[in-house]
Amino acid sequence: MKNRLLILSLLAFMAFTSCNDFNRLVKSTDNEMKYEVAVDYYERGDYNHALQLFDLLQASFRNTPKGESITYKTALCYYHQDDYEIAGYYFNRFVQTYPFSRDAEKAAFMQAYCSYLLSPEPGLDQTNTFNAIKQLNSFAERYPNSDSLNRVNQLLTNLNDKLEEKDYNICRLFYRMENYSAAITSFENMLKKYPTTTHREEIIFDMAKTYFDYAENSVAEKQRERYESCIEQCNALTYLYPESKHINDVQNIATKARKKLENIK
């Protein structure tokens, strides 16, 4: 028990001494020592202490090789702490301040990648997604021979898939809200905007259902046109996707639509 208390006391003393040493270093005017210790903290993954010292050194070493290192490592510190917004700011600052650095390309990619990581789920506002797409495209234009282009293209695909998913969800939301006119327009626009969408089969099925419900809730003079449009979508899905899981459903919808047409004079 006494040995355990002694060990705890020694550990507490060492921590206290270390804390005092760090505080003395912060107040010191020896910037070279601060830089060496900051880099050591960084390399050991103690990004919090490294950032405190890098922040104190920004002005003293600006536009010098050490200043270049400080700005780049500052960005990486924030990145490793998952603070992607601040990290992106410092990566951009690095590119602007040191455009001819050997790390400029990596910093430009990391700035765009931080924006990518800030892109939210499809159901949320996609401002950050559009910003990430803009930055990734800008990187590809600026560094057309970069080894990172394959990764950039994959990231762009992921972001565009997210925007496509959001648009599809909006289309279906209009249908659930029984705003059939808006739903039809949204589905049609989506097929034009995303001609290779993976949702094409579902969209055609959704349009068949929407046109049928739209006709059911329309005035008499509009019903024929909408039932006929419903049948067209049913036929399209049957032709394009003969193995679709929706085949039975669209056949039933088409049958009901034809019966409705028989009763329209």
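## Close-up views of a predicted model

**View 1. The buried residues of helix α6 in the predicted model.** Ala-104, Ala-107, Ala-108, Phe-109, Met-110, Gln-111, Ala-112, Tyr-113, Cys-114, Ser-115 and Tyr-116 are the buried residues of α6. Helix α6 is mostly covered, with eleven of its 14 residues buried. These buried residues pack against four helices: α4 (65–80), α5 (84–97), α7 (127–142) and α8.

**View 2. The length of helix α6.** Helix α6 runs over residues 104–117. Its end C-alpha atoms lie 20 Å apart. That agrees with expectation, because 14 residues at 1.5 Å a residue should span 20 Å.

**View 3. The largest pocket and its lining.** The pocket holds about 160 Å³ of space. Its lining includes Asn-160, Asp-161, Glu-164 and Glu-165. Lys-193, Tyr-194, Pro-195, Thr-196, Thr-197, Thr-198 and His-199 also line the pocket. Helix α8 (residues 149–176) gives the largest share of the lining, four residues. By type, the lining has five polar, four charged and two nonpolar residues.

**View 4. Confidence along the protein.** The average pLDDT is 89, and 92% of the residues score at least 70. Among the elements, α6 has the highest mean pLDDT, 97. Helix α1 (residues 2–27) has the lowest, 51. Over residues 4–17 the pLDDT is below 50. Beyond near neighbours in sequence, this stretch has zero contacts in the model. Where pLDDT is low, the predicted coordinates should not be read in detail.

Conventions. Residues numbered from 1 in each chain as written. Predicted model: local features only at pLDDT ≥ 70, side-chain atom pairs only at ≥ 80, totals over all residues. Heavy atoms only, no water. 1 Å grid on protein atoms, 1.4 Å probe; cavity = no way out; pocket = protein on both sides within 12 Å on 5 of 7 lines; lining within 4 Å. Points joined across faces, edges and corners; volume = space filled by probe spheres on them. Helix = DSSP H or I, 4+ residues; strand = E, 2+ residues; numbered from the N terminus. Nonpolar A, V, L, I, M, F, W, Y, C, P; charged D, E, K, R; others polar. Expected span 1.5 Å × (residues − 1). Buried < 20%, exposed > 50% of the residue type's maximum accessible area, 1.4 Å probe, protein only. Contact = heavy atoms within 4.5 Å. pLDDT = per-residue confidence, 0-100.
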